[in-house]
Amino acid sequence: MEDSHNATTTAIACDLYGHCQISDQIPREIPKPDVHIITSGGQRIPAHRVILASVSPVLGNIIDRPRKHRSSERIIPILGVPCDAVVALVRFIYSSRCNEDELAKFGIHLLALSHVYLVPHLKQRCARAVGQQLTIENVVDVLQLARLCDAPDLYLKCMKFVSSHFKAVEKTEGWKFMQNHDPYLELEILQFIDEAESRKKRTRRHREEQCLYMELSVAMDCLEHICSEGCTSVGPYDVQPNKKRGPCSKFSTCQGLQHLIKHFLACTNRVNGGCSRCKRMWQLLRLHSSMCEQLDSCKVPLCRQFKLKMQQEKKGDDALWRLLVRKVVSARVMSSLNLPKRKKGATEGLNTVPSD
Ligand SMILES: [Zn+2]
Ligand SMILES: [Zn+2]
Ligand SMILES: [Zn+2]
């Protein structure tokens, strides 16, 4: 009896502690187990007090609890989870290893065990593994477990998963059970989804704004280019038209701007008459003036006049306008970092038709 018991113990011990080499490279005779872990299925897993306690302070405390009889054997019951999950826990304690199969099969149990017995390395690995196995069906359960086990990364992952599959998750048994038993968690999830939505909206709005500033920055480039070098149909008064001029590198914007300039020069309604196109041109010229750092050499119409007006009025450009200018200036800086500069040669001496 004694012999057969020892044989089983040794077999399990070899399986469990096979990886365990106590000193460098030299496997030693394994000392006799001095404690047994008992699982739900009644399996007894022999183990060593020192090793268990060195990895898990909680197991250490359980072992050191005073016993009824000094002679009675030390036993640790780990119940309520599959036997093999407990075996995997003990194997991890001895070898710091846990294979993918075990994580796939018992990830959830091992997460709970590693949390209860304070084995942080195993807990991290389980949280990662369980996070990779999220499904519509299990996500609510895993979310609850992540919250119970204080696993913030896994919790966040579950929240994001629920948030992006809400319509389907809402129909699962897990969700309905949670609604009935944990209304606070339901509230937490709904709040998260709400915040995620507004985060998305904010990002979209930001992107749209950036796009607008970028367009304005390109328009500023084109305005300067039209007023200094001239483009296909509009150029400065002192540059001779050259019929061979081809479209410039930002022609889609430049062409629109040239039409706008021609309109601005010819329109009889003007800004004060309520012409929206003229107003737009007026704002572009004002924006240019706010950004322009050339003093007398600038060839953009009204640049100096706007500058003078702003100086006279002092607070003439309000905070919103200054913000707009700053954003366009930074968009311009960004685009000059990202894109190669427009080739000077491509637009040199190519003027065609003067402004009409
Ligand atoms: Zn152009
Ligand atoms: Zn007009
Ligand atoms: Zn200027």
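Ala-146 touches Ala-151, Leu-154, Tyr-155 and Cys-158, leaving aside residues up to four places away in sequence; contact here requires C-beta atoms, placed from the backbone, within 7 Å. The model is predicted: local features need pLDDT of at least 70, side-chain atom pairs count only at pLDDT 80 or more, and totals for chains, interfaces and linings use all residues. Residues are numbered from 1 along each chain as its sequence is written, while chains are lettered from A and ligands numbered from 1 in the order in which they are written.

**Cores**
- The largest nonpolar core holds 47 residues.
- Such a core is a set of buried Ala, Val, Leu, Ile, Met, Phe, Trp, Tyr and Cys residues joined through C-beta atoms within 7 Å.
- Buried means that 20 or more other C-beta atoms lie within 10 Å of a residue's own.
- Leu-89, Leu-110, Leu-111, Leu-143, Ala-146 and Cys-158 have the most contacts inside this core.
- Helix α4 (residues 83-95) gives the core its largest share, seven residues.
- Another core lies apart from it, with 24 residues, among them Ile-226 and Cys-248.

**Helix packing**
- Helices α7 (residues 139-148) and α10 (residues 173-181) pack at about 45 degrees, with axes 7 Å apart.
- Val-140, Asp-141 and Gln-144 of α7 meet Gly-174, Trp-175 and Met-178 of α10.

**Whole chain**
- The protein chain has 16 helices and three strands.
- These are DSSP runs, numbered from the N terminus: helices (H or I) of at least four residues, strands (E) of at least two.
- Of the 356 residues in the protein chain, 29% are buried.

Terms used: Axes are lines fitted to C-alpha atoms, for helices over the stretch in contact, and angles run from 0 to 180 degrees between N-to-C directions. Two residues are in contact if their C-beta atoms, placed from the backbone, lie within 7 Å. A residue is buried if 20 or more other C-beta atoms lie within 10 Å of its own, exposed if 12 or fewer, and partly exposed in between; C-beta atoms are placed from the backbone.
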